[in-house]
Amino acid sequence: MSYNYYKCWLIIAIAFIGLSCQSKSQEKWTKDMELRAYNGGGMRPESKTVIIKDSTGTYIHWLMPKTDTLVFTLSKQELDDLLKEINAIHFRSIFSGGMGSIAYDKPTTSVKFKWNSQTHEVSIGATEGIKQGDASGFYKLYNYILSLAEKKTAN
């Protein structure tokens, strides 16, 4: 048998092992999960931060000179629906990075998700942008998180 024959089978075996080892997206929110969403900076003296851990959420709205910190709770269904949104936009396959230029007045929008001792953060701002993945999906997720927090706190 030729060298190319073995090489071909080796590539197939590696691909099969890689696909079988890929982690399946979780479908249920777990206690170790944490989500942080932020928007602020740019020319406006305002920021909005949402932190969700376990069943507790915190919504921090800063509008100079005032900071409002509001705490809310989420049901198991709301947490699972949030995770469905994260999975639906394939958040863990969106990557951001430096864009090589600066938009001085552009605010930063970021989402950071922690699960199973892993962390994934995507950020769009003055110097960062989407390098891989769907920017509209990223903004859809951010808006989903923000609207959930605003609805729960009646803001």
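Tutor: Start with Arg 92: its charged end sits over the ring of Trp 115, 4.7 Å from the ring centre. Bear in mind that this is a predicted model, and the distances come from its atoms.

Ring pairs tie Trp 29, Phe 113 and Trp 115 together as a cluster. The count of aromatic pairs comes to three. Take Phe 113 and Trp 115: their ring centres are 5.1 Å apart and the planes make an angle of 15°, under the 30 degrees cut-off, so this pair is stacked. Both Phe 113 and Trp 115 are buried.

For another ring pair, go to Phe 138 and Tyr 139. Here the centres are 5.4 Å apart with the planes at 65°, and over 60 counts as edge-to-face, so that's what this pair is. Phe 138 is buried, with a relative accessible area of 0%, whereas Tyr 139 is partly exposed at 32%.

Strand β6 covers residues 108-115, and it runs antiparallel to strand β7, residues 118-124, with seven bridges joining the two. β6 and β7 make a hairpin with two residues between them. In that turn, Asn 116 has a positive phi of about 40°.

Conventions. Residues are numbered from 1 along each chain as its sequence is written. This is a predicted model: local features need pLDDT of at least 70, side-chain atom pairs count only at pLDDT 80 or more; totals for chains, interfaces and linings use all residues. Side-chain values use heavy atoms; hydrogens and water are left out. Two strands pair if DSSP finds at least two bridges between them. Helices (H or I, at least four residues) and strands (E, at least two) are DSSP runs, numbered from the N terminus. Rings of Phe, Tyr and Trp (its six-membered ring) pair if their centres lie within 6.5 Å; planes under 30 degrees apart count as stacked, over 60 as edge-to-face and the rest as tilted. Buried means under 20% relative accessible area, exposed over 50%, partly exposed in between (1.4 Å probe, protein chains only). A charge sits over a ring if NZ of Lys or CZ of Arg is within 6 Å of the ring centre and within 35 degrees of the ring normal.
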